[in-house]
Amino acid sequence: MPSVNVVAPGPTDTPMLSDPARTPPARPPLGRFVSPDEVAALTAFLLGPDGGAITGQQLVQCAGASL
């Protein structure tokens with residue numbers, strides 16, 4: 001049975017985030033932004049055999065920004 005999940009990363013440390021034309025977001029409580037590798041690892045977990053029982057979830061990966 002397919003599962004449907006959403007990975008919702010907050011500000012992610014990519015070149016777009018440091019574009020001078022953008023207003024930079026405030027640093028989250030963790031003191032750093034989410035890394036692309038962290039987003040990829042969470043996505044890989046959900047798609048792998050260990051994430052098979054997780055379904056219908058929105059996983060917010062925001063370094064505490066949503067607190």
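This is a predicted model: local features need pLDDT of at least 70, side-chain atom pairs count only at pLDDT 80 or more; totals for chains, interfaces and linings use all residues.
**Entry 1: Gln61**

Gln61 belongs to strand S2, residues 58–61, where helices (H or I, at least four residues) and strands (E, at least two) are DSSP runs numbered from the N terminus. I then looked up its accessibility: Gln61 is buried, at a relative accessible area of 16%, on a scale where buried means under 20%, exposed over 50% and partly exposed in between, with a 1.4 Å probe and protein chains only. A polar atom of the Gln61 side chain lies 3.0 Å from the backbone oxygen of Glu38.

I note the ground rules here: residues are numbered from 1 along each chain as its sequence is written, and side-chain values use heavy atoms, with hydrogens and water left out. Local features need pLDDT of at least 70 and side-chain atom pairs count only at pLDDT 80 or more, whereas totals for chains, interfaces and linings use all residues.

**Entry 2: Glu38 and Arg32**

Which residue forms a salt bridge with Glu38? I found Arg32 as the partner, with the closest N and O atoms 2.8 Å apart; the criterion is a side-chain nitrogen of Lys or Arg within 4 Å of a carboxyl oxygen of Asp or Glu. My search of the whole structure returned one salt bridge. Glu38 counts as partly exposed at 28% relative accessibility, and Arg32 is partly exposed as well, with a relative accessible area of 36%.

**Entry 3: Thr12**

I looked up Thr12 in the loop between S1 and H1 and found it buried, with a relative accessible area of 16%. The Thr12 side chain reaches the backbone oxygen of Gly10 at 2.9 Å. Apart from neighbours within four places in sequence, Thr12 is in contact with Leu17, Phe33, Val34, Ser35, Pro36 and Val39.

**Entry 4: Pro29 and Ala63**

Pro29 sits in the loop between strand S1 (6–9) and helix H1 (36–47), and at 63% relative accessibility I recorded Pro29 as exposed. Residues up to four places away in sequence aside, Pro29 touches Ala63, Gly64 and Ala65. I also checked Pro29 against Ser66: the two are 37 residues apart in sequence, and their C-alpha atoms are 9.3 Å apart in space.

Ala63 lies in the segment after S2 and counts as buried at 15% relative accessibility. Its phi is positive, about 60°, although Ala63 is not a glycine. For context, most residues other than glycine have a negative phi.

**Entry 5: the chain as a whole**

Along its principal axes the C-alpha trace spans about 45 × 25 × 15 Å.

Buried residues make up 22% of the 67 in the chain. Of the contacts between residues at least 6 apart in sequence, I noted that 60% join residues at least 24 apart. The accessible surface, from the Shrake-Rupley method with a 1.4 Å probe, comes to about 4800 Å², and 62% of this belongs to carbon and sulfur atoms.

Key:
Contact means heavy atoms within 4.5 Å. A polar contact is a pair of N or O atoms within 3.5 Å; within protein, one must be able to donate a hydrogen and the other to accept it, and residues adjacent in sequence count only if both atoms are side-chain atoms.
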